[in-house]
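Have the chain open alongside as you read.

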Amino acid sequence: MSVTDEVLRANEAYARNFEFGQLPIPPARKLAVLACMDARLVPSQILGLKAGDAHVIRNAGGIVTEDALRSFILSHQLLGTQEFIIINHTDCGMLTFKDEDLRSRLIQQTGSSPVAPVAFHAFRDLEENVRQQVQKIKSHPWLPKSIPVRGFIYDVKTGRLKEVLEARAASLRQS
Ligand code: ZN
């Protein structure tokens, strides 16, 4: 049995006791979360969210890509979310390679150089990466400045979230 068959079997059991059939489209807690796709990070569990509570956007790295922005804008403008959270994590696979290396390897292996993806968004500095993602949302003209956008690093060893402060706030606190 393939894993797909296994999860379909699990879905049968899930649907038998289904109780979320009446939820509306807008998230009840008006929250949108962007998180890395890492399998160890389960946003609903680490944030105590139930079905219907929040939008959860995921991709490799928890990067504010064109597509993540699209989702955040729809989330706020059409579905009323009022707070955004970005979650990166320790031991992220995106820290283990360089875009150029992966790109050259794939071009070599396949003999093709496609137009997309434009970037894989690998990064070297976890905190700095979180700050950059927060900034990309805060500076977008279609997302109001009034929306709190907070960035965190999830520790895969402890299950704990640590907030990443803005660079200036962080240095003020240290001094
Ligand atoms: Zn990751």
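E163 is partly exposed at 30% relative accessibility (buried means under 20% relative accessible area, exposed over 50%, partly exposed in between, with a 1.4 Å probe and protein chains only).

## Ground rules

This is a predicted model: local features need pLDDT of at least 70, side-chain atom pairs count only at pLDDT 80 or more, and totals for chains, interfaces and linings use all residues. Residues are numbered from 1 along each chain as its sequence is written, and side-chain values use heavy atoms, leaving out hydrogens and water.

Helices (H or I, at least four residues) and strands (E, at least two) are DSSP runs, numbered from the N terminus.

## R131 and E128

Over in helix α5 (residues 126-138), R131 and E128 are 3 residues apart, about one helical turn. They form a salt bridge at 3.3 Å, N to O. R131 is buried at 18% relative accessibility, while E128 is partly exposed at 33%.

## D53 and R29

D53 pairs with R29 in a salt bridge, with the closest N and O atoms 3.5 Å apart. D53 lies in the loop between α2 (43-47) and β2 (54-59) and R29 in the loop between α1 (3-16) and β1 (31-36), so the pair ties together parts 24 residues apart in sequence. D53 is buried, at 4% relative accessibility.

Notes: Salt bridge = Lys/Arg side-chain N within 4 Å of Asp/Glu carboxyl O.
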